[in-house]
There are 2 protein chains.
Amino acid sequence: MKTIVSTFEMQKFSEQARLREKTVGLVPTMGYLHKGHLSLIGKAKRSCDVVITSIFVNPAQFAPDEDFARYPRDIERDTQLCKSAGSTVLFVPHENEMYPEGYSTYIAVERLSSILEGKFRPTHFRGVATVVAKLFSLTKPHKAFFGQKDAQQCVVVRKMVKDLNLGVEVVTAPIVREKDGLAMSSRNVYLSAEERSEALILHASLRRAQEMADHGERNAAVIAGEVRHMIDTKPSAKIDYVALVDAESLADIDSLERGIPVLVALAVRFGSTRLIDNTVIKIR
Amino acid sequence: MKTIVSTFEMQKFSEQARLREKTVGLVPTMGYLHKGHLSLIGKAKRSCDVVITSIFVNPAQFAPDEDFARYPRDIERDTQLCKSAGSTVLFVPHENEMYPEGYSTYIAVERLSSILEGKFRPTHFRGVATVVAKLFSLTKPHKAFFGQKDAQQCVVVRKMVKDLNLGVEVVTAPIVREKDGLAMSSRNVYLSAEERSEALILHASLRRAQEMADHGERNAAVIAGEVRHMIDTKPSAKIDYVALVDAESLADIDSLERGIPVLVALAVRFGSTRLIDNTVIKIR
């Protein structure tokens, strides 16, 4: 595995790979890799000749009061993990090359960026869209791999790719969970033992949502109410949102209908740690 | 010359050209071609194997009260001109393929987009940046050619290319003028005979600015004042702005200094026609 730091080198490498008619896959990450990331690298490896994993903690997607500074980092461990997972290139650009002084260009995917997560993190998806577009320009991928845990991010990136004609295939992979059901996240290290134990309610409540649908419940508000109720039983939990939306358009829905996948998305704070999780429910 | 309408075809064509290691040049236009455009195609031809001229009257860069609907169009004549100028491909995408229903992704180059032209046309450069990025994705150029008449557009596009790592070389070509000095513009056809005659003051006033600098004037406000004064002598002229700014950063300047090119930019309405013009003055 080759590690590239310079944006110029990265662009040159990818241009050459394309000229040699190699299929290029990109797995963009913020590092502190877990099994979710590794599943994306594995998926990329199965369909691409060249797999580029990028690690960049993107300041543009954090608000000033968020956890940019304390976001966990461990580049040595990440390098080993990337290598064993089969990545061809590890791309680790410097912040001052990605956002040099006077940087001022931002991409906005309107509407999709201001709902759900966007209501609580108004500049988040602008930062995500911008850095993803930059990483696409630098790595010139045919395919890019994103984890379904950030469900709204997947929808926003897909929309940007379509609108700006970026010509990249956006591939998503399922959420990877710990044995006890907690969705893998680099932020899980922030949790105290008690918070971690209470956070298991997220997966439990999402499973309950699917169960309710299986038992005939069609009212979205009733299902959301039950999910909220379950989470509220945990003393350290504070709900930002629980929402049932159309899984493709993220439009609000009132009732579940056969054939239309529904995303149950939630964000909940346990102490000072904010977790997101989701599931897509289908009427079986 | 090949005419391409479909965005899918265009992207495929350019991908193939790149695989065959051809240098691709793009000349993005809104059509109704004049000698300014043709000089860009000529310039592109001299340094690129493949020259793509795009014609697309971009609704996103017009405000609702502007001249989108009446903007002059003549695709038959444009096709002939493109061909004789040596363009390899004429790309004429449809509006509903460029901005399908639900389109919602926009690129903002902050600060540079809100000054000068941007004060009078607040959404203009957002539309320009967005369509140029889309055209870059569709035509994958190594070089793109822009006319210096839209001086601020050149600066905005250059900044976007740098910030988003687009890897396209932005080449600008000098303003082409009619024999009497009027800068070539597709909008000149809007002018009545009298307005057209009065509009000659624009070039005269810009030449006067250079003369003043040649005679030792270093005060930017004094030069701007003289330019305004000359234009104000014409009954049909209404000035939107006359500004002296750093030609690269578009930052305001107080005084002219040796070695720092200064852009004298202006926008003036003659009747219902809004013209822009500019010159770069240097202390000789």
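**Close-up views of a predicted two-chain model**

**View 1. Surroundings of A:L166.** Leaving aside residues up to four places away in sequence, A:L166 touches A:F136 and A:V161 of its own chain, and also B:S137 of chain B. A:L166 and A:P141, which are 25 residues apart in sequence, are separated in space by 9.9 Å, taken from C-alpha to C-alpha.

**View 2. The side of chain A that touches chain B.** Across the interface, 25 residues of chain A are in contact with 25 residues of chain B. On the chain A side, at least two residues are supplied by each of α1 (7–19), β5 (105–109), α6 (124–139) and α7 (151–163), and the largest share, 5 residues, comes from β5(A). Sorted by class, this side of chain A has 12 nonpolar residues, together with 7 polar and 6 charged ones.

**View 3. Strand pairing between the chains.** The strand β5(A) is joined by 5 bridges to strand β5 of chain B (residues 105–109), and the two strands run antiparallel. Within this pairing, A:A108 has B:Y106 in β5(B) as its bridge partner.

Key:
Residues numbered from 1 in each chain as written. Chains lettered and ligands numbered in written order. Predicted model: local features only at pLDDT ≥ 70, side-chain atom pairs only at ≥ 80, totals over all residues. Contact = placed C-beta atoms within 7 Å. Helix = DSSP H or I, 4+ residues; strand = E, 2+ residues; numbered from the N terminus. Nonpolar A, V, L, I, M, F, W, Y, C, P; charged D, E, K, R; others polar. Pairing = 2+ DSSP bridges.
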